[in-house]
Amino acid sequence: MAKVEIAAPGNTPYIDYFMLLKTKGKWTIIHKMFTKKTK
């Protein structure tokens, strides 16, 4: 699983969560979930 926080000036930051699967030496995103970051 990977977590990515993204923020742009003037916008509400949000968080992406990626579920990853490694097959044959290559990583693939198999699920993505996102939410806005609360203060």
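Modeller: Let us begin with secondary structure. This is a predicted model, and its chain contains three strands and zero helices. Read along the sequence, the pattern is β-β-β.

Colleague: Which strands pair in the antiparallel sense?

Modeller: Strand β2, residues 14-23, pairs in that sense with strand β3, residues 26-36, over 10 bridges.

Colleague: How many residues lie between β2 and β3 in the hairpin?

Modeller: Two residues lie between them, and K24 in this turn has a positive phi of about 55 degrees.

Colleague: Let us turn to a single residue. Is V4 buried, partly exposed or exposed?

Modeller: One compares the relative accessibility with two cut-offs: under 20% is buried, over 50% is exposed, and partly exposed lies in between. V4 has a value of 32%, so V4 counts as partly exposed. This residue belongs to strand β1, residues 2-6.

Colleague: Which residues does V4 touch, leaving aside those up to four places away in sequence?

Modeller: V4 touches Y14, I15, D16 and F18. For V4 and Y14, which are 10 residues apart along the chain, the C-alpha atoms are separated by 8.5 Å.

Colleague: What can be said of the chain as a whole?

Modeller: Of its 39 residues, 8% count as buried. The C-alpha atoms fill a box of roughly 40 × 15 × 10 Å along the principal axes. The accessible surface comes to about 3700 Å², and 60% of that surface belongs to carbon and sulfur atoms.

Definitions and conventions. Residues numbered from 1 in each chain as written. Predicted model: local features only at pLDDT ≥ 70, side-chain atom pairs only at ≥ 80, totals over all residues. Heavy atoms only, no water. Helix = DSSP H or I, 4+ residues; strand = E, 2+ residues; numbered from the N terminus. Buried < 20%, exposed > 50% of the residue type's maximum accessible area, 1.4 Å probe, protein only. Contact = heavy atoms within 4.5 Å. Pairing = 2+ DSSP bridges. Areas by Shrake-Rupley, 256 points an atom, 1.4 Å probe, with all protein chains shown as cover.
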